[in-house]
Amino acid sequence: MSNANKNKGKAFERQIAKHLTSVFGLNFQRVPNSGAMIGGMNSYRMSFLTPEQQLLACGDLIVPSELSHTQFEMKSYKTFSFYSLYDNNEQLNKWIIQAKGSSNKYWFLVMKFNNIGSYVVFDRKYINLFIPVGSYTIYKDDYVLCKYDGFFEKNKDTILKLHPNFNTQCQTVSSTIITP
């Protein structure tokens, strides 16, 4: 018999993959057995993976090659202790460590809480790149927590432009355009 909490998490990962696919017009997929391959104690495995294999193993989503510089971690829970954001939230600390992983990618932690809403967390050093939606909270002076709804729509172009090969891709595309 399946674990109801795991099924809830899998459904949320599929929901976010579908949403990001519609926002970016690129294919996102849920990682089968997400977290098991390189998560936690298995992080040493990253050094043995090719860049293509890393795309399949980082975070909870398989990202398209155009977004290979990003990774996504999802959490769907019944409740969350928002008041502990002003002190120290051990649960959130663990999730951030998971989201950051062992790579130097732009990471996003997407969280959903029953009857409360959905939120995204990202590294504060990128506050000048990414535009938070609505009011936001700075957690531990290092992380930004804001509403999820509209975040990726608002930051889509910036996220795409952060890819190391963005200019090369643009030049390749523009050189194939035939002008009358």
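**Close-up 1. Phe 72 and its contacts in this predicted model.** Setting aside residues up to four places away in sequence, Phe 72 touches Leu 20, Phe 28, Gly 59, Asp 60, Leu 61, Val 63, Phe 108 and Phe 152 (contact means heavy atoms within 4.5 Å). Residues are numbered from 1 along each chain as its sequence is written, and side-chain values use heavy atoms, with hydrogens and water left out. As this is a predicted model, local features need pLDDT of at least 70 and side-chain atom pairs count only at pLDDT 80 or more, while totals for chains, interfaces and linings use all residues.

**Close-up 2. The largest nonpolar core.** Here we look at a set of buried Ala, Val, Leu, Ile, Met, Phe, Trp, Tyr and Cys residues joined through side-chain atoms within 4.5 Å; buried means under 20% relative accessible area, exposed over 50%, and partly exposed in between, with a 1.4 Å probe and protein chains only. The core has 28 residues, and those touching the most other members are Leu 20, Phe 24, Phe 28, Phe 72, Phe 108, Phe 151 and Phe 152. At least two residues each come from α1, β3 (70-77), β4, β5 (117-123), β7 (143-147) and α4 (151-161). These labels follow DSSP runs numbered from the N terminus: helices are H or I with at least four residues, strands E with at least two. The largest share, 6 residues, is supplied by α1. A second, separate core holds 15 residues, including Leu 85, Leu 92, Leu 109 and Tyr 119.

**Close-up 3. Aromatic rings, with Trp 95 and Phe 113 as the example.** Rings of Phe, Tyr and Trp (its six-membered ring) pair if their centres lie within 6.5 Å; planes under 30 degrees apart count as stacked, over 60 as edge-to-face and the rest as tilted. That rule gives 24 aromatic pairs. Trp 95 and Phe 113 are stacked, because their ring centres are 6.3 Å apart and their planes lie at 20°. Since Trp 95 sits in helix α3 (residues 90-100) and Phe 113 in strand β4 (residues 106-113), the pair ties together parts 18 residues apart in sequence. Trp 95 counts as buried at 3% relative accessibility, and Phe 113 counts as buried at 1%. One aromatic cluster includes Phe 24, Tyr 106, Phe 122 and Tyr 148.

**Close-up 4. Asn 27 in the loop between α1 (4-24) and β1 (29-30).** With 49% relative accessibility, Asn 27 counts as partly exposed. Beyond its neighbours within four places in sequence, Asn 27 is in contact with Thr 21, Ile 62, Val 63 and Pro 64. Asn 27 and Val 63 are 36 residues apart in sequence, yet 7.2 Å apart in space, C-alpha to C-alpha.
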